[in-house]
Amino acid sequence: MGTGAFSNVEAERDISVTVANDASAYLGIQPGDGPNGNYADTTSNDALAISLTDDNNNIGSGVAGGEGINTNAVTSIGDIFKIQNQGTQEVDVAVTPLAYGDIDGQIFPPDIDGALAVLLEPQNPDEVEVDIEWGVIWPGIPVPEEVSFIGIKGLSPGDELRFNLIALALPSSAIGSVEVSDEIQITAKQP
């Protein structure tokens, strides 16, 4: 009668791991499906980048000739990018920051040559049945609580959250004097 005990085992097994670009990774970070997805470009290392400049290979002087947003106007671009759970389990996702800005001049006393504000907004949280949490992650910087952080609880496999972009530049002298060049951080973890 055997006991199942053993002194030594040697076995060989296969392991296969690849590294994928943002669009193909388990947490997919992809351009939007419609024409506004062209405002999302890829960097030299295949990471997604939102680019409303003439450096964007999808727009700029190539496709339509645009080089930036209008001054003295609110620009809204729907479905610019999406985050999709391409894994096998539900995840909680955090996106930060959602608000960006630049000011050329001084606020007190007011002497502003240009101001630019950019906001990322979730487009379809009701469609994917996730819980959204808003919060502040910029300690010490006066930003509205509801715009600086978003937590997405329970993004199921196959579900995606789409984002819009809203921008405002004031006054006309803002052309060439203000710009946003920053990063968005997207993290995901199993609940």
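Colleague: Which side chains meet R162 and E160 in a salt bridge, and how should I read such a pair?

Modeller: In general, side chains of opposite charge can pair when their charged atoms come close. In this predicted model, the side chains of R162 and E160 form a salt bridge with an N to O distance of 3.5 Å, and both R162 and E160 are buried. Through shared partners, salt bridges join E160 and R162 with D33, D79 and K82 into one network.

Colleague: What distance separates the closest N and O atoms of R162 and D79, and where do these two residues lie?

Modeller: The closest N and O atoms of the salt bridge between R162 and D79 are 4.0 Å apart. R162 belongs to strand β10 (residues 160-170) and D79 to strand β4, so this pair ties together parts that lie 83 residues apart in sequence. R162 and D79 are both buried.

Colleague: Is D33 buried or exposed, and is K82 buried or exposed?

Modeller: D33 counts as exposed because its relative accessible area of 59% is over the 50% cut-off. K82 counts as buried because its relative accessible area of 7% is under the 20% cut-off. By the salt-bridge rule, the count for the model comes to 5.

Colleague: Over how many bridges do β6 and β7 pair, and which residue of β7 does Y100 stand opposite?

Modeller: β6 pairs with strand β7 (residues 111-122) in the antiparallel sense over 8 bridges, and Y100 stands opposite V118 in β7.

Colleague: Where does F108 lie, and which residues make the nonpolar surface patch?

Modeller: F108 lies in the loop between β6 and β7, and together with I103, I107 and I112 it makes a nonpolar surface patch of about 410 Å². F108 is classed as exposed because its relative accessible area is 73%, which is over the 50% cut-off.

Colleague: How many helices and strands does the chain have, and what share of its residues counts as buried?

Modeller: The secondary structure comes to 0 helices and 11 strands, and of the 191 residues in the chain, 33% count as buried. Among the contacts with a separation of 6 or more, 70% are between residues 24 or more positions apart. The chain has an accessible surface of about 12100 Å², and 48% of that surface belongs to carbon and sulfur atoms.

Key
Residues numbered from 1 in each chain as written. Predicted model: local features only at pLDDT ≥ 70, side-chain atom pairs only at ≥ 80, totals over all residues. Heavy atoms only, no water. Buried < 20%, exposed > 50% of the residue type's maximum accessible area, 1.4 Å probe, protein only. Helix = DSSP H or I, 4+ residues; strand = E, 2+ residues; numbered from the N terminus. Pairing = 2+ DSSP bridges. Patch = residues over 30% accessible without salt bridge, like charges linked within 9 Å, V, L, I, M, F, W, Y side chains within 5 Å. Areas by Shrake-Rupley, 256 points an atom, 1.4 Å probe, with all protein chains shown as cover. Contact = heavy atoms within 4.5 Å.
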